[in-house]
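Subject: The model we talked about

Hi,

Here is the structure I promised to pass on. Have a look at it first, and my notes follow below.

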Amino acid sequence: MSQIPAARSVASTAVLLCLLAWPHGHAKAQMKSAITGFGTLAAVHSTQDQGDYTVNPNSPGQAGHSKAWAFDVDSRAGAQLDVQFDKRWSAVVQVTQEKSVENSYKTYLTWANVKFQATPELSLRAGRIALPLFLAADYRKVGYALPWLRAPVELYSLIPIANSDGVDASYRWQSGQVKHETTLSLGRATARLNKDVTGKARNIVGLTESATAGALTLRFTAAQTLLAVPGAEALFDGLRAFGAPGEALAQRYDLAKRHVRVFSAGFNYDPGDWFVTGESGRINTGSILGDQTASYLSTGRRFGNVAPYVTYARLVANLPTWTAGLPLDGLPPEAAAMAGFLNDTLNFQLRQIGVQDTASVGVRWDVAPNIALKAQLDRVRPRGGSIGTLINVQPGFRSGQGFNVISLGMDVVF
Amino acid sequence: MNRLLRILFMCLCLCPALALSPRAARAADLAVIVSARSPVMTLRADQIADIFLSQTNRFPNGSEVVPIDQDLGSPLRNEFYSKVTQRTPALVKAHWARLIFTGRGQPPAEVAGNDAMRKMIADNPGMIGYVERSALDASVRAVLIVR
């Protein structure tokens, strides 16, 4: 995720707002602005005490090992300023307050872009814009917009980048009764992969096509970026020193500079009284960061203001999460010890590639026009020797054992 | 035990009734209107839903359209969305939360009451709105009557 510390983001927001508002403020009588906001307050309890349950590693929650009841898994707040200068030009700035990798709450500049509506069908945007990799990727933090307490973690925890600094173009078109919207995004971003690893994503190219016919929406996305992650040179240079087998391992797992490819396909059928939605997404980093596919299927029914739902989600790794590594046979004792250490390091990293499934039941209750209360129970099972989507995993953790997560939350918009 | 079961049964019967009660609160006919000067003669409910939910910004004839809402929380507005888009106020709000907070759109402008709405629509051939059927006059044209 592209993120700036609080002071800088607030300062740049203020500067941007002044720049945007000043030349137009007196000139255009048509100018309109709106300030809106959203927030979620949620308490989460996990029965897995050997690791922390979190929604995304770059916004680390502490439910399970660190806290019996954690408020930092889903709780966040956001505020947005929309300015419509005239019929064609508008701008949006959004800041969010949420948990940072440094384990404290911080303010982030989520969006800051200017939009030019060239025709009713074609819009162009420049600045910091949403990267709509998955169906709910760009609004997953607005709890009120979701039928669930949170977007399924199996898929949505895979997103290292939520926004990119660049441009996009959206075009609406129609074929028969089917309405289409095709979006092309170009940009760059800082990818905060976890507490220790920050990468640079350059040359982001994303193409999203969504088609709506009646209550059915289908959506496809393909995206690619050149991801450069420093910090693992010691491991891969060490492997290369062991000749051909080491070269082969480094070739396979090195993450210094790799093309990351993302594909996703999703659908949503929502005639009003009930909904069914599903999605499958693959992120292939071509490196030790993994090649994973996550899918979910969810359905719910609306009884007036009460909407219960069930969801099943699954995350699989498309590569083995264990490697034999360097052959130790015939190595002198010191070299064998070094090779053994490198193998352990590789396997430790491979174990971080999550394999997991979750079955969830929950309910949304719209108690007031702007307030939704939600409760969700998840049965989570990390599998295949992996830690799943957990973080801060302790030595006593055993993969393959299921655990329960109970979440109670309140979403507001204003 | 028997009494407990009976109470449980009553609760199960009451819950949906309570949850659905706001919908039954009102049932006046409403008319979806354009200016009498507009060339648009008639629209289907799904075409109107697309316009009000920002799925399209053109009339089927290709001309640009701007939807206008009644005040938030007004019974007529809730009835309009319930019957024309099959969405509760909360669902409509969630729909707009998705568009607003991703910078993709803003909900329609609002006017208060049938008279203000009729005047606004009559004066602007590119707009579409809705009023109670009894508030219709020659300055506007009903493109759909919702019962």
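In strand E4 of chain B, Glu132(B) is the bridge partner of Leu30(B). The two strands concerned, E1 (residues 30-35) and E4 (residues 127-132) of chain B, run antiparallel and are joined by 5 bridges. For the terms: helices (H or I, at least four residues) and strands (E, at least two) are DSSP runs numbered from the N terminus, and two strands pair if DSSP finds at least two bridges between them.

Before going further, please keep in mind that this is a predicted model: local features need pLDDT of at least 70, side-chain atom pairs count only at pLDDT 80 or more, and totals for chains, interfaces and linings use all residues. Residues are numbered from 1 along each chain as its sequence is written, while chains are lettered from A and ligands numbered from 1 in the order in which they are written.

Back to the sheet in chain B. Its 5 strands form an open sheet in the order E3-E2-E4-E1-E5, with mixed pairing. E3 (109-111) and E5 (140-146) of chain B are the edge strands, each pairing on one side only. From one strand to the next the twist averages 35 degrees. Helix H5 (residues 113-123) of chain B packs on this sheet and touches E1, E2 (66-70), E3, E4 and E5 of chain B; its direction makes about 150 degrees with that of E4(B). Here axes are lines fitted to C-alpha atoms, for helices over the stretch in contact, and angles run from 0 to 180 degrees between N-to-C directions. Contact between two residues asks for C-beta atoms, placed from the backbone, within 7 Å.

Chain B as a whole has 5 helices and 5 strands, in the sequence pattern α-β-α-β-α-α-β-α-β-β. Of its 147 residues, 35% count as buried, where buried stands for 20 or more other C-beta atoms within 10 Å of the residue's own, exposed for 12 or fewer, and partly exposed for values in between, with C-beta atoms placed from the backbone. Among the contacts in chain B with a separation of 6 or more, 68% are between residues 24 or more positions apart.

Next, the meeting of the two chains. The contact takes 30 residues from chain A and 23 residues from chain B. On the chain B side, helices H1 (2-20) and H4 (89-100) each supply at least two residues, and H4(B) has the largest share, with 7 residues. By class, that side of chain B has 9 nonpolar, 8 polar and 6 charged residues. In this scheme Ala, Val, Leu, Ile, Met, Phe, Trp, Tyr, Cys and Pro count as nonpolar, Asp, Glu, Lys and Arg as charged, and the others, Gly among them, as polar.

Which residues have the most contacts inside the largest nonpolar core? They are Tyr144(A), Ala145(A), Val32(B), Ile33(B) and Ala97(B), in a core of 114 residues. H4(B) gives the most to this core, with 7 residues. A nonpolar core is a set of buried Ala, Val, Leu, Ile, Met, Phe, Trp, Tyr and Cys residues joined through C-beta atoms within 7 Å. Leaving aside neighbours within four places in sequence, Ala97(B) is in contact with Phe38(A), Val142(A), Tyr144(A), Ala145(A) and Val413(A).

Now for chain A. Strand E12 (residues 258-269) pairs in the antiparallel sense with E11 (residues 216-228) over 12 bridges, and with E13 (residues 274-284) over 9 bridges. Arg219(A) stands opposite Gly266(A) of E12(A), and Val262(A) has Ile283(A) in E13(A) as its bridge partner. E12(A) and E13(A) form a hairpin with 4 residues between them, and Gly272(A) in the turn has a positive phi of about 120 degrees.

Phe236(A), Leu239(A) and Arg240(A) of H3(A) make the contact with Gly246(A), Glu247(A), Leu249(A) and Ala250(A) of H4(A).

Finally, Ala136(A) lies in the loop between strand E7 (122-130) and helix H2 (153-156) of chain A. Ala136(A) counts as buried because it has 24 C-beta neighbours inside 10 Å.

Best wishes
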